[in-house]
Amino acid sequence: MKRILIALILGVMFIALNALLINFASTQALNGTDAADSAAIMLTPVMKPDAFMFPTPTPGGPPAAPGWQATSSYMIGKIVVSIVFPESNGGIDPSTENWSMERLTQAQSQVIAGINWWSERDPNAQLTFIFTSPLTVETSYEPIIHPVFPEENLWIGDVMQSLGYPPPSSDYGYAIAVRNYVNALREQYQADWGTVVFVVDDENDPDHAFADGLFGYAYFNGPYLVLTHNLNGWGTEHMDAIAAHELGHVFWAQDQYDFGNASQLCEDRSGYLFAENQNLNRADISCLINEPSIMRGDVDLAYATNSVDPYARMQVGWNDTDGDGILDPIDTTPMVTITNFPTMPVLSRVVVYTGVAQDISFPSNSPMILNATINNIATVQQRVDSGTWHTTFPSDGVFNSATEQFESRVLLPNGTYTIELRAVNSQNNISNIITTTVTVSSTAPLYTICLPLILRQNTN
Ligand SMILES: [Zn+2]
């Protein structure tokens, strides 16, 4: 009941997710009705609500780089994926399922194919998926015999405990444990985002689904998605398409199939860009477009035809407003601030500036997603009298973070000079330029510097 209550509270707070969360609460009523409708299952295996969301806390203060709770804010960049196969050991539930190496290998290749499918959909997303070595992890439970809600915590928590990420004893502690694991992977593999794919053995289960009828589902914002191997009898060879669909959810794409709830609207919004769901396929409502998409019902066809509609693209962060080939969430601009000027006469004629360069996030339009940039400061440069740009010195030895401190040293003969400083980020976007005038004399303390700063936008 607590889950349903939280879901309803969130539904009030976040109108965009209202439909999904209400459906979440009514999942039980919708499931288990498809046994006599196998044709519908064959065509549209994910007609049930299959995307939910954990009520993760929103910490204060906008971080430059993605924070702990932001493990899948937009589908751009480097993404680490851990495929986990729970294996029951009979400790609590009788063990009725046992993975074979052959089926593990088959499932793994299907999941990898389905996730990699996204990387070909837009080269500007600069997607690289890193798959860690697949893990078979013991659990005392037999996952497939349990309903997802409210019992997924049993086996997921147990699996995370076995993996060395014990769930804290708080609400949704098992999901916190998974997100801790994802954050550790992100750190280890220097990835921008990450997620876990749990693949549950269902070979001997009569309906090849969890006890509440779910067989493939995911959470907006992750930190994981779940697939049963035989997908409610639909077949293991379709895992790739379902994995692709569910990964869309992890990165905030909404369902576009009609699961029979009138609160599903074309105007529902989701994702970092908070885009509408205007390819929603509802019989009684006309949305703006109507085309095949991995987020709609006919997932197999959409997968085979490489179809992602423009609204699902926008929901995962793929929009390029200015058409420069850099998608909006990573079309960021760095900013340079000088923290220390050469206020003392420098007899060696070395003029020293120190400062900070920071990449400024593209602002999130979503009330649920914090601003975050995955770009780094690639370099901070200085030049004298409009000459050649020279790289300054990063304080930590290398320019590779969203925020970098730097030191600029310029050796100058006597004279008066204009010195400019700028930063360039990993998308080759250039910061404001800081301009100062400095006069150097080596014979007397005649050194002066003319401030204040002149800030202007750089255009080259
Ligand atoms: Zn779905």
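Which residue with a positive phi follows H8? In this predicted model, that residue is Trp 252, with a phi near 85°.

The chain comprises 460 residues, of which 48% count as buried. Its secondary structure consists of 10 helices and 18 strands. Among contacts between residues at least 6 apart in sequence, 66% join residues at least 24 apart.

Helix H8 spans residues 239–250 and contains 12 residues. The distance from its first C-alpha to its last is 16 Å, close to the 16 Å expected at 1.5 Å a residue. H8 is mostly covered, with 12 of its 12 residues buried. The buried residues include Asp 240, His 245, Glu 246 and His 249, as well as Met 239, Ile 242, Leu 247 and Val 250. Ala 241, Ala 243, Ala 244 and Gly 248 are likewise buried in H8.

Helix H6 has 15 residues and reaches 20 Å from its first C-alpha to its last, close to the 21 Å expected at 1.5 Å a residue. Buried residues in H6 include Val 148, Phe 149, Glu 152, Trp 155, Asp 158 and Val 159. Gly 164, which follows H6, has a positive phi, near 95°.

The packing of H6 was examined next. Two packed helices are described by the angle between their axes and the distance between the axes. For H6 (residues 148–162) and H7 (residues 173–189), the axes come within 9 Å and cross at roughly 35°. The crossing of H6 past H7 is left-handed. On the H6 side, the contact involves Asn 153, Ile 156, Gly 157 and Met 160, which meet Gly 173, Tyr 174, Ala 177, Val 178 and Tyr 181 of H7. By class, the residues of this contact comprise 6 nonpolar, 3 polar and no charged. Asn 153, Ile 156, Gly 157 and Met 160 of H6 are also buried. An α-helix has 3.6 residues a turn, so residues three or four places apart point the same way.

Strands of a sheet pair through backbone hydrogen bonds, either parallel or antiparallel. S14 is joined to strand S15 (residues 403–411) by 2 bridges, and these two strands run antiparallel. Within this part of the sheet, Phe 393 stands opposite Glu 407 in S15.

Terms used: Residues are numbered from 1 along each chain as its sequence is written. This is a predicted model: local features need pLDDT of at least 70, side-chain atom pairs count only at pLDDT 80 or more; totals for chains, interfaces and linings use all residues. Helices (H or I, at least four residues) and strands (E, at least two) are DSSP runs, numbered from the N terminus. A residue is buried if 20 or more other C-beta atoms lie within 10 Å of its own, exposed if 12 or fewer, and partly exposed in between; C-beta atoms are placed from the backbone. Two residues are in contact if their C-beta atoms, placed from the backbone, lie within 7 Å. Axes are lines fitted to C-alpha atoms, for helices over the stretch in contact, and angles run from 0 to 180 degrees between N-to-C directions. A crossing is left-handed if the near helix is turned anticlockwise from the far one by less than a right angle, and right-handed if clockwise. Ala, Val, Leu, Ile, Met, Phe, Trp, Tyr, Cys and Pro count as nonpolar, Asp, Glu, Lys and Arg as charged, and the others, Gly among them, as polar. The expected span of a helix is 1.5 Å times one less than its number of residues. Two strands pair if DSSP finds at least two bridges between them.
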